[in-house]
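Hello,

I am passing this structure on to you, and my notes follow below it.

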Amino acid sequence: MTTVREPAVTTSEELSVWPASTAEHHRGDLAVGGVPLTEVAERFGTPVYVMDEAEVRERCRTYRHAFPEAEVLYAAKAFLCRAMVHWMDEEGLGLDVCSGGELELAVTTGFPAERIVLHGNAKSPRDLETALRLGVGRIVIDSPSEIARLAAAVGPGGRQKVMVRVVPGISAGGHEKIRTGTADQKFGLSIADGYAQHAIGRILDQPQLELTGLHCHLGSQITSVKPYLLAVRRMVGLMARLHEQHGLVLPELNLGGGHGVAYRPGEQALDLTALARKVRAELSEACAAAGLPVPRLIIEPGRAIAGPSGIALYHVLSVKRTGDHTFVAVDGGMSDNPRPALYGVRYALRLIGRQSTAPTTPVTVVGRHCEAGDVIATDVQLPDDVHPGDLLAVPVAGAYHLSMASGYNMVGRPPVVAVRDGHARLLVRRESLDDIRSRDVGL
């Protein structure tokens, strides 16, 4: 039988995964950045994504404070728009981009190209041409074929700073599909089989390429410091071997990102203070033992900045009770958030906009798309009187939602709205049917 619980009162623990500015509003509403979420839904429609600008900026400052000696690059793949580029620039972060498109958006917004790093396992000739044309700071070489291709694109007399993405052979991350530090996936060059060392030797033979350091990225949603410490030891070990073989002293070490956040109250998140303290100590100790100067550290947080700063709002379209299951269908789904279908993630969404005295019951919140896997959240406690027209809010929705959105069923991607100091403004408009039709030129 379905378990029914008494109506719950919001606690500080329940709001622990929401932006710090979140506050109770009247009639069961929540306000974020001083703006009631019901007001956002009424003004901009649903589905809609809300970004708390102050939360984004504060998370940037937290990283700058924890890693004052390091270069902090925002991983743009988590979520990127012109406003986000502007915020990163003002907060003193660099950018880590994965395509010519992300790079173009950043530079045309006014972001300094020299503070941008381009990486990716399969960069197209156009990606590389764009990077060189715009003067990107560093390009991370991910495969041997990129070495000659990039050197030729730079041309005689040119010079481009590069790093090499190394696979350190460490398994870390919240799901097998987001673990990228092992040799059985598509990224980087392995230390274990010697491919990394061979590629570095080839780079040193290219006068157009200036090798500034090593890069590694272990995966995503990592909540323990230990994998990063192991990565430091293995990367410094490789740097020591390169010094022995080539007399090479590399000035930079990029440990990537993947810093885990809590999606539901009580879940573990990576302790940033502990990470900074222990990585700093491990790096100093390992370099001292190898007789090497300590390289400048680079880190690439994405989700940890954007994720907890964003909220998704949906309206309920239907409620269906089938046997022991209650399905609550909303006006969005896997076209604006494919993560549940890809990784089986779970959210702590809640009803907002009205106070219900009904007991709560476990429901499955599903999307509007023609896929059985279009599920936003399972076993979520919602009031038993949930009905069409109700408004649901999903916290920790700022990363890997819209950046991975699709055109499935041609419903159009939702808008993005920023809130701060009691004001809401549109950052990215809703994708319209006219937008979709305009791309179809086949008649």
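In which kind of crossing does helix 2 pass helix 9? The crossing is right-handed, where right-handed means that the near helix is turned clockwise from the far one by less than a right angle, and left-handed that it is turned anticlockwise.

Before the rest, a word on how to read all this. This is a predicted model, in which local features need pLDDT of at least 70 and side-chain atom pairs count only at pLDDT 80 or more, while totals for chains, interfaces and linings use all residues. Residues are numbered from 1 along each chain as its sequence is written, and side-chain values use heavy atoms, with hydrogens and water left out. Helices (H or I, at least four residues) and strands (E, at least two) are DSSP runs, numbered from the N terminus.

Helix 2 and its partners

Let me stay with helix 2 and helix 9. On the helix 2 side, T62, Y63 and A66 meet L272, A276 and R280 of helix 9, contact being heavy atoms within 4.5 Å. By class, this contact has four nonpolar, one polar and one charged residues. Here Ala, Val, Leu, Ile, Met, Phe, Trp, Tyr, Cys and Pro count as nonpolar, Asp, Glu, Lys and Arg as charged, and the others, Gly among them, as polar.

Helix 2 (residues 53-66) also packs with helix 3 (residues 82-90), at an angle of about 40 degrees and with the axes 10 Å apart. Helix 2 and helix 3 are therefore oblique to each other, and helix 2 passes helix 3 in a right-handed crossing. The residues that make this contact are E53, V56, R57 and C60 from helix 2, together with M84, W87, M88 and E90 from helix 3. Sorted by class, the contact of helix 2 with helix 3 has five nonpolar, no polar and three charged residues.

Helix 7 and helix 8

Another helix pair is worth a look. Helix 7 (residues 195-204) packs with helix 8 (residues 226-246) at an angle of about 45 degrees, and their axes are 12 Å apart. Helix 7 and helix 8 are therefore oblique to each other, and helix 7 passes helix 8 in a right-handed crossing. Q197, I200, G201 and L204 of helix 7 make the contact with L238, R241, L242 and H246 of helix 8. These residues divide into four nonpolar, three polar and one charged.

The aromatic pair

How many aromatic pairs does the structure hold? There is one, and it is formed by Y263 and Y347, edge-to-face, with 5.6 Å centre to centre and 85 degrees between the planes. For this, rings of Phe, Tyr and Trp (its six-membered ring) pair if their centres lie within 6.5 Å; planes under 30 degrees apart are stacked, over 60 edge-to-face and the rest tilted. Y263 lies in the loop between strand 12 (252-254) and helix 9 (272-290), and Y347 in the loop between helix 11 (339-343) and strand 16 (350-352), so the pair ties together parts that are 84 residues apart in sequence. Both Y263 and Y347 are buried (buried is under 20% relative accessible area, exposed over 50%, partly exposed in between, with a 1.4 Å probe and protein chains only).

Some loop residues

Finally, here are a few places in the loops. The peptide bond from T46 to P47 is cis, with omega near -5 degrees, and P47 sits in the loop between helix 1 (37-44) and strand 4 (48-52).

V396 is a residue other than glycine with a positive phi, near 55 degrees. V396 belongs to the loop between strand 19 (391-394) and strand 20 (416-420), and at 0% relative accessibility V396 counts as buried. D421, not a glycine either, has a positive phi of about 55 degrees. D421 is in the loop between strand 20 and strand 21 (423-428), and at 61% relative accessibility D421 counts as exposed.

Technical notes:
Axes fitted to C-alpha atoms, helices over the stretch in contact; angles between N-to-C directions. Parallel < 35°, antiparallel > 145°, perpendicular 65-115°, else oblique.
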